[in-house]
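Please describe the packing of this protein chain.

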Amino acid sequence: MKTKRIAVSIGISFGVSVIVLFIFFTYKASTNRPQEPSKPYSYYTEEITFKNNDSHVTLAGTLTLPSVAGNYPAVILISGSGAQNRDEEISGHKPFLIIADHLTKLGIAVLRYDDRGIGKSSGSFKTATTADFASDVASAIEFLKTRKEIDKGNIGLIGHSEGGIVAPMVASNLKDVSFIVLLAGPGIEVMKVLLKQQELIARADGISESDIEKYILPIHEQAYRMISMSSDGRKLKTDLTRLIEQSYDNSPADLMPSEMSREEVVTTQSDKWSSEWFRNFLKYDPALILEKVTCPVLALNGEKDLVVTPKENLSGIINALKKGGNSSVTVKELSNLNHLFQNCETGSPAEYSGIEETFSPDALNEISDWILKQVR
């Protein structure tokens, strides 16, 4: 392990920083990742590409199969927010590699791919919205249906974080989706999720209650209200810039990143908050989508997830599904796990890198046991 001093945002929005204020602390970063599989794998892997003809992009990824010959149930892995490669690599971890390895060894084919504009995929990530990502998943399903090794009647989706919004979007529109797994997926309005996130992560990382109430929550509440009410992107960016400048000037110096200038903080934050993705993302109410999902659903959250809190979001998911008449629903809160499904101490994103575990074996078994029951 090595000790490293970094700046970490007090708000991590489903994997993407959407913050103005920063805190500084010391953490231990581990490069030991004992769960990562080593080549040669005990199963077949293939580098693949498929096209989203509606968006004119080509997605590149990896298809893993238990063996070359056979007809297997399959899942598509859908990443959380931010520019993600096919392994959903974050903080030195590759959770999608671990999930794919685990499921493929149990007889389930897995497709994972680089986000558009990332890795070997074409297109622009910067201009993409959640709806665009859903379109990419739909294209991935069409690709799997062309493969003779895939059981076309047993294709499911596993969505992590924002992917937990994308998976229901796709499942509510396509009969080809046999089941979905939501990993730390939101079940209440995104704006409420983000505000709770700011508060809990700030508190876990040692920010005082007075600073949270005086500086952190007000800036986010004001910004989110502006965004939710705005219909003019250019004017919104001007208004947000002014708000962020005022917040920067009125906040304590120890909440500001020493390695970034005032101008850099303001520009970075106003760009993120005024982006088309965030403007659309903030307005999502996952319940309205979940009510339309009729296939079997497994929803898992970690007890110590500070990014998408388990109590409110799992309740929102099950209530929305039941309201829509879906009775094939399994919801579980897994003890001691964070947003990445690692065993942890506080759940703060500051811990992610220092934890050697990439994905809890118990969580992996919850996923695979449930999927195997669906595809029998």
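A disulfide is taken here as a pair of cysteine sulfur atoms within 2.5 Å. By that cut-off the structure holds zero disulfides. This is a predicted model, in which local features need pLDDT of at least 70 and side-chain atom pairs count only at pLDDT 80 or more, while totals for chains, interfaces and linings use all residues. Residues are numbered from 1 along each chain as its sequence is written, and side-chain values use heavy atoms, with hydrogens and water left out.

| Residue | Relative accessible area |
|---|---|
| Cys295 | 8%, buried |
| Cys344 | 9%, buried |

Helices (H or I, at least four residues) and strands (E, at least two) are DSSP runs, numbered from the N terminus. Strand 8 covers residues 109–113; five of its five residues are buried, so the strand is largely enclosed by the rest of the structure. Ala109, Leu111 and Tyr113 point one way, and Val110 and Arg112 point the other way. Strands pair if DSSP finds at least two bridges between them. Strand 6 (residues 57–65) runs antiparallel to strand 8 and is joined to it by four bridges, with Thr64 opposite Val110. Strand 7 (residues 72–78) runs parallel to strand 8, with three bridges; here Ile76 has Leu111 as its bridge partner.

A nonpolar core is a set of buried Ala, Val, Leu, Ile, Met, Phe, Trp, Tyr and Cys residues joined through side-chain atoms within 4.5 Å. The largest has 63 residues, and Leu157 and Ile180 have the most contacts inside it. Helix 2 (residues 130–144) gives the most to this core, with seven residues. Contact means heavy atoms within 4.5 Å. Leaving aside neighbours within four places in sequence, the contacts of Leu157 include Ile76, Val137, Ile141, Phe179 and Ile180. A second, separate core of 26 residues includes Phe96, Ile99, Leu103 and Phe359.

Helix 6 (residues 233–250) has 18 residues and reaches 26 Å from its first C-alpha to its last, close to the 26 Å expected at 1.5 Å a residue; the expected span is 1.5 Å times one less than the number of residues. Among its buried residues are Leu236, Leu240, Leu243 and Ser247. The buried residues of helix 6 pack against helix 5 (209–229), helix 7 (262–274) and helix 8 (276–281).

Notes: Buried < 20%, exposed > 50% of the residue type's maximum accessible area, 1.4 Å probe, protein only.
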